[in-house]
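I opened my notebook to go through this one chain by chain. Here is what I looked up, in the order I got to it.

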Amino acid sequence: MLTLDDVSVDYDGVPAVVDVTLDLPDGEVLAVLGPSGCGKSTLLRAVAGLETPSAGRIGWDGHDLAGVPTHKRGFALMFQDGQLFSHLTVGRNVGYALRIRRVRGPQVERRVAELLELVGLAGYAGRLPATLSGGERQRVALARSLAVEPRLILLDEPLSALDAGLRERLAAELREILRAAGTTALMVTHDHEEAFTVADRLAVMRGGRVVQSGPIAEVWRGPADPETALFLGYARVLHGDAAGVLLGAAAMPPAPAVAVRRSALIASPDGPLLGEVVSGRATPEQVRLVVAVPGVGEIDAVAPLDLHPGPGERLRLAVEAAKLAVIPAGGLPAAGAHSRDP
Amino acid sequence: MTLGTRWSRPLTLAGLAVVPVAVLGVFFVLPVAGMLHEGFWADGSFDPGAVLEVLGRPRVHRVVWFTVWSATVATVVAVLLGLPAAHALHRLRFPGRDLVRAALLVPFVLPTVVVGVAFRQLLGEAGPLGFLRLDGTAIAILAGLVFFNVALVIRGVGTAWESLDPRPAEAAAALGAGPVQVFWTVTLPALRPAIVSAASVVFLFCATAFGVVLTLGGLRYSSVETEIYLLTTNLLDLQAAAALSILQLVAVAALLLVAGRLRAVPGGGADRVVARPRRPARGDTAALVATTVLLVLVAAPIATLVSGSLHVDGGWSLDNYRALTTDGTHQALLVPVTDALVTSLRTAVDATWMSLSMGLLVAFVVTRRSRSRAERRVRSGLDGFFMLPLGVSAVTLGFGFLITLDHPPIDLRDSPFLVPIAQALVALPLVVRTIVPVLAGINDRQRQAAASLGAGPLRAVLTVDLPVVWKPLLAASGFAFAASLGEFGATSFLARDDHPTVPIVIYRLIGHPGPMNFGMALAASVVLAATTTVVMLVVERLRVPSVGAF
């Protein structure tokens with residue numbers, strides 16, 4: 001079990017990570033989610049032993065890790081760009097950590113073959129990294145990290161160097177592989193979809209601090225403040241009366257603020273709200289609309305593909321309660337304002 | 001936090017740096033300081049007035065003016081001649097290109113004395129270009145300087161040109177710019193840092209050239225460097241020599257600082273993207289012709305040198321080479337040239353391992369990732385410190401050795417290591433500049449990846465650094481070896497009369513009358529040139545981009 005107690009990291013006196021406290025039980029995957037520059041990579045590097053915390057304590061199973069150099073921590077670190085050793089074959093890259101631990105001969109080959117099988121690259125052992133595609137390289141890097149069954153695997157934006165389609169597929173595979181290997185993992189990412197696909201637990205970081213953490217569904221259902229909600233993929237945060245109207249339509253108790261996903265409002269003949277279409281755009285699955293709802297203002301909505309309302313048309317809308325998240329009063333600034341996704 | 005993590009990095013840094021710093025302190029700072037002391041403290045009292053008086057002398061003004069003028073003109077000419085060749089040899093693909101590339105790199109490592117001898121043979125009264133009456137003129141010196149340094153322009157600009165992204169030029173062409181406009185508006189601006197950087201290094205080398213000016217300039221023309229030599233050896237005017245040394249040190253340090261600022265961003269080691277060279281097109285004719293002309297200009301002195309060495313009394317003969325086992329007419333030498341060659345090779349081996357081990361340590365120390373601003377400052381300070389030998393006249397260094405390392409606690413007067421140490425220091429910046437860009441080009445995350453997989457610091461170096469650095473290391477050793485073989489400035493002070501190196505012997509031979517002596521000088525020059533050329537061809541085959549790129 002990894003424990004971080006009030007960990008801070010400075011770069012030349014400039015704080016990058018401030019008072020972070022986190023727990024990661026064995027066998028679970030924790031995603032640290034945050035915009036670039038929020039200190040999440042620094043946090044990961046501190047756990048790996050590549051940065052020295054200026055305060056606080058990083059521990060494993062109750063033992064303080066301060067003073068333990070990177071190569072003795074037993075944590076494997078996987079970089080955004082893989083960092084394969086380009087002069088070694090795929091097989092030797094994957095077997096690298098085994099050889100360092102003086103495993104020799106057929107045992108290494110067996111394990112390498114097993115790992116390549118696990119990441120879907122059976123038979124690639126003799127290739128050189130330069131001949132692989134980006135996705136294949138990341139798989140090799142993952143296999144290399146898993147080779148000696150590390151106590152903890154640290155993933156630094158493992159998929160963000162890949163293109164969108166591949167990223168989605170590999171995220172699901174990554175989860176399967178980590179699950180199959182039973183590995184404890186700490187992953188940092190700026191992509192909330194990736195975090196949802198791979199992780200069990202989520203910690204949201206902003207300005208060097210962890211602003212919210214917990215099991216992933218819990219965090220997703222209850223973002224602590226508007227900024228977190230927007231970062232988690234909610235399209236808008238409504239305050240005051242607007243929030244009241246929407247919550248009422250969803251048959252939920254009133255609250256000062258509510259985060260709304262893009263598809264929370266659905267065109268429906270017997271919906272409780274009436275809106276006027278401002279603009280519409282067809283996507284392969286549905287029509288995305290912006291509608292003006294009295295008392296709410298402009299808001300996103302969706303309609304089925306066979307219904308393509310033009311601007312100015314009036315439309316009845318239903319609200320899906322599961323796509324709203326009430327923001328607790330503690331997470332709100334003193335004066336409420338209408339804010340939206342940039 | 002334990003003591004271990006807080007102090008282990010600074011301690012490792014200090015541990016790695018202590019040896020080269022101590023060596024440079026004893027064998028560089030101490031001698032140079034001793035030399036300066038000699039100048040400033042006349043008869044035991046501090047007397048800076050005498051130094052100022054020296055700087056006011058009309059002859060010193062003339063010397064300084066000549067140094068600046070010749071270096072400027074030679075730099076401009078070298079850049080103008082080097083640019084088309086850089087294009088032809090680094091952007092085009094044609095049969096024999098690699099051979100031409102290597103051939104044009106040869107002059108840079110030719111011993112200065114050899115270049116001097118070759119130009120005298122070419123331009124002298126009996127030489128093929130004797131009718132031009134250039135022997136002993138400033139033009140001859142300029143030609144020698146350009147001959148020497150054009151390789152630096154081709155190298156420096158060529159590697160930058162090679163790694164230039166071709167797309168902006170294609171975009172400009174798509175917008176309607178002709179080839180000439182593309183060159184002026186896109187290519188040249190992109191190359192400017194590399195050109196400025198190469199030009200500043202060429203200027204530096206021209207302004208501190210010793211052997212070429214001494215052998216071609218005689219007594220009529222003197223640069224600051226040769227003047228220091230004349231003042232110390234012939235006139236024994238140490239104050240004047242010290243004054244000029246200080247002037248040179250300050251000027252060169254300033255120049256290095258400027259050059260460092262302007263230095264092109266290193267291309268990096270591992271993953272450099274290089275546009276594929278293309279076949280020559282009609283528009284490349286000018287560049288190809290210019291390259292051919294340059295090749296002829298570079299080949300002419302060498303060709304006359306070789307043919308001169310094979311001529312005795314108007315006929316072909318190997319007598320000049322046979323004479324290398326003798327001590328020359330009128331006992332010009334104390335030992336035969338063959339002995340000197342053995343001494344040269346031995347010295348070069350020693351100088352090579354010395355500069356290599358020091359340079360490697362220095363390169364590792366300055367390229368490690370710094371975790372704090374203070375650490376970064378220390379590292380870049382060390383980087384600059386080890387470039388210092390580039391800025392101090394080899395003559396000053398040699399003379400400083402002579403006067404500071406000849407009494408206890410450090411008495412090296414009779415040590416066989418005195419000459420190799422001096423040569424190693426002269427070669428050190430070359431070695432460091434060859435290795436540093438490669439090490440700096442390694443993504444530090446590779447080492448971190450190795451560490452996170454369980455590799456200790458040493459193992460991480462073996463896994464990550466060694467595979468990338470071994471070739472540059474070999475190239476650097478070849479470079480250091482060649483530089484040591486040809487080193488003349490410091491060696492001329494330090495080599496013992498009964499153990500001279502080949503450049504010393506050559507210089508002595510051309511200073512002694514007797515036709516056989518000059519013939520022997522030619523033959524010895526050919527042997528020395530051939531040796532350094534072979535070494536350089538091997539280096540060139542390693543294809544290390546940072547060789548000769550400062």
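**Entry 1: what I am looking at**

I reminded myself that this is a predicted model. I kept that in mind for everything that follows.

**Entry 2: chain A overall**

I looked up the make-up of chain A and found 10 helices and 19 strands. Its C-alpha trace spans about 75 × 45 × 30 Å along the principal axes. I then checked how much is covered: 51% of the 342 residues in chain A count as buried. For its surface I got about 14,700 Å², with carbon and sulfur atoms supplying 53%.

I also looked at contacts between residues with a separation of 6 or more, and in chain A 66% of those link residues 24 or more positions apart. As for charge, chain A has 34 positive and 40 negative charges, and their mean positions are 6 Å apart.

**Entry 3: chain B overall**

Chain B has 23 helices and 6 strands. Its radius of gyration is 24 Å, close to the 24 Å that the globule rule gives for 550 residues, so chain B is as compact as a globular protein of that length. The C-alpha trace spans about 70 × 65 × 45 Å along its principal axes.

I noted that buried residues make up 53% of chain B. Its accessible surface comes to about 23,900 Å², and 67% of that belongs to carbon and sulfur atoms. Of the contacts in chain B with a separation of 6 or more, 81% are between residues 24 or more positions apart. The 41 positive and 31 negative charges have mean positions 15 Å apart.

Is A:Arg45 buried or exposed? I found A:Arg45 in helix α1 of chain A, which runs over residues 40–48. Its relative accessibility is 12%, so A:Arg45 is buried, the cut-off being under 20%. Setting aside neighbours within four places in sequence, A:Arg45 touches A:Tyr11, A:Leu50 and A:Glu51, plus B:Arg369 and B:Gln448 from chain B.

Next I went to B:Arg97, in helix α4 (residues 97–109) of chain B. B:Arg97 is buried as well, because its relative accessibility is 13%. Beyond its neighbours within four places in sequence, B:Arg97 is in contact with B:Ala88, B:Leu89, B:Leu92 and B:Pro277.

**Entry 4: a strand residue with a partner from elsewhere**

A:Ala55 is in strand β4 of chain A. I have A:Ala55 down as partly exposed, because its relative accessible area is 35%. How many residues apart along the chain are A:Ala55 and A:Val7? I got 48, yet their C-alpha atoms are separated by 5.6 Å. With neighbours within four places left aside, the contacts of A:Ala55 are A:Asp6, A:Val7 and A:Ser8.

**Entry 5: positive phi values**

I wrote down the background first: most residues other than glycine have a negative phi. Then I went looking for exceptions.

A:Asp61 has a phi near 50°. It sits in the loop between β4 (55–60) and β5 (63–64) of chain A. With a relative accessible area of 46%, A:Asp61 is partly exposed.

A:Glu149 also has a positive phi, about 50°, although it is not a glycine. I found A:Glu149 in the loop between α5 (134–146) and β7 (152–156) of chain A. A:Glu149 counts as exposed because its relative accessibility is 62%, over the 50% cut-off.

I stayed with α10 of chain B, residues 224–234, and found it mostly covered, with 9 of its 11 residues buried. Among them are B:Val224, B:Ile228, B:Leu230 and B:Leu231, and also B:Glu225 and B:Glu227.

**Entry 6: cysteines**

How many disulfides does the structure hold over all chains? I counted 0. A:Cys38 is buried, with a relative accessible area of 2%. B:Cys206 is buried too, at 3%.

Technical notes: Residues numbered from 1 in each chain as written. Chains lettered and ligands numbered in written order. Predicted model: local features only at pLDDT ≥ 70, side-chain atom pairs only at ≥ 80, totals over all residues. Heavy atoms only, no water. Helix = DSSP H or I, 4+ residues; strand = E, 2+ residues; numbered from the N terminus. Rg over C-alpha atoms; globule rule 2.2 N^0.38 Å. Buried < 20%, exposed > 50% of the residue type's maximum accessible area, 1.4 Å probe, protein only. Contact = heavy atoms within 4.5 Å. Areas by Shrake-Rupley, 256 points an atom, 1.4 Å probe, with all protein chains shown as cover. Lys, Arg positive; Asp, Glu negative; His and termini not counted. Charge placed at Lys NZ, Arg CZ, Asp CG, Glu CD. Disulfide = S-S within 2.5 Å.
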